[in-house]
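Reader: I am new to this structure and would like to learn how its features are read. Could you take me through some of them slowly?

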Amino acid sequence: MSIDQDGIKLKFDTSEYKTSIHPKWCPGCGDFAILKAVKNALYELQIDPTQTILVAGIGCSSKMMHSVGVYGLHTIHGRALPVATGVKLGNHGLNVIAFGGDGDMMGIGGNHFLHAARRNTDMLLIIPNNQTYGLTTGQASPTSDFGYKTSTSPDGTIEMPLNATQLALTAGATFVARSSSADNDHLQKMIEEGIKHEGFAVIDVLQFCITFNKINTPDYYEPRLYDTSEDKDFDPSDLNQAMVKSYQWGDKIPKGVIYKNTTKPVFDKEIPQLQNTPMALREHDEPVNVSKIFNDLR
Ligand SMILES: Cc1ncc(C[n+]2csc(CCOP(=O)(O)OP(=O)(O)O)c2C)c(N)n1
Ligand code: SF4
């Protein structure tokens with residue numbers, strides 16, 4: 001039990017969102033800032049750690065889930081979203097947060113990303129987007145800049161990059177935001193907004209891979225980024241305006257909330273069988289024998 005600034009008793013202490021596992025990231029990696037923002041957001045919202053799960057793909061950033069004191073599932077490369085959807089349907093009372101790098105979500109898991117967005121299942125997806133494949137030593141990813149030089153593209157990539165916010169909007173996500181691992185307060189605020197949103201929320205986090213991506217650094221983004229809230233004419237509930245914002249990339253790059261829509265049907269709320277008690281908590285006539293299922297799959 002801890003006390004907040006106004007003397008109100010809080011149910012969960014900061015220590016409850018920590019684990020003893022220190023992630024093995026390069027010193028200075030932007031993933032440290034994302035980890036901190038996730039833990040702080042969960043604490044700030046007093047999210048029950050026993051009712052929360054992080055579902056991650058494979059990559060440097062996906063190792064994050066071991067260091068947050070909630071339940072976790074480390075899945076396979078590109079597959080965090082279908083697993084997270086299954087988790088949500090199995091126990092729709094859980095707070096589900098999915099994680100995957102730009103390779104995970106825009107590359108091998110791109111198809112899953114599109115369908116998770118169009119279903120609008122109630123979960124938050126955080127994409128630590130360092131515009132490179134960090135874990136496998138810095139190859140070009142689907143969000144790498146044109147001309148990005150790597151060991152597998154020594155003369156520079158000759159493919160145009162994908163923009164996660166554009167794709168999310170086009171596919172039907174109902175909360176789309178961007179933040180940066182160099183701005184912890186902003187990032188935490190966006191994560192809080194994303195957790196609170198009912199529906200599929202996506203946060204594209206510019207995450208700095210200091211070891212392999214020497215181009216897209218905090219110094220590169222600092223003069224370019226501005227918050228959409230500074231644009232007084234911008235209405236993030238207007239899809240057309242959000243689309244135009246999401247296409248902005250170059251001298252000016254928007255961060256903050258790009259789109260928020262609370263009127264679209266939410267997948268898990270539309271399933272009649274899930275209207276009452278979560279499936280995981282229902283009484284079964286006979287206990288389900290999971291070992292038998294696994295044996296049958298061998
Ligand atoms: C099916 C499959 N293909 C390829 C890999 C190898 N692999 C592991 S992580 C990764 C890319 C990691 O990049 P990203 O998703 O952007 O995450 P980051 O490490 O940058 O956080 C790749 C290609 C794998 N583990 N599984
Ligand atoms: S390789 Fe890049 S993304 Fe991976 S831990 Fe190091 S700095 Fe972070």
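Author: We can begin with a polar contact, that is, a pair of N or O atoms within 3.5 Å, where within protein one must be able to donate a hydrogen and the other to accept it, and residues adjacent in sequence count only if both atoms are side-chain atoms. Here an oxygen atom of ligand 1 lies 2.9 Å from an N or O atom in the side chain of Asn 130, and a backbone N or O atom of Leu 135 is 2.9 Å from an oxygen atom of ligand 1. This is a predicted model, in which local features need pLDDT of at least 70 and side-chain atom pairs count only at pLDDT 80 or more, while totals for chains, interfaces and linings use all residues. Residues are numbered from 1 along each chain as its sequence is written, chains are lettered from A and ligands numbered from 1 in the order in which they are written, and side-chain values use heavy atoms, with hydrogens and water left out.

Reader: Is Asn 216 buried or exposed?

Author: Buried means under 20% relative accessible area, exposed over 50%, and partly exposed in between, with a 1.4 Å probe and protein chains only. Asn 216 counts as buried because its relative accessibility is 3%.

Reader: With which side chain does the side chain of Asn 216 make a polar contact?

Author: The partner is the side chain of Asp 145, at 3.0 Å. As for Arg 118, Asn 216 is 98 residues from it in sequence and 30 Å from it in space, C-alpha to C-alpha.
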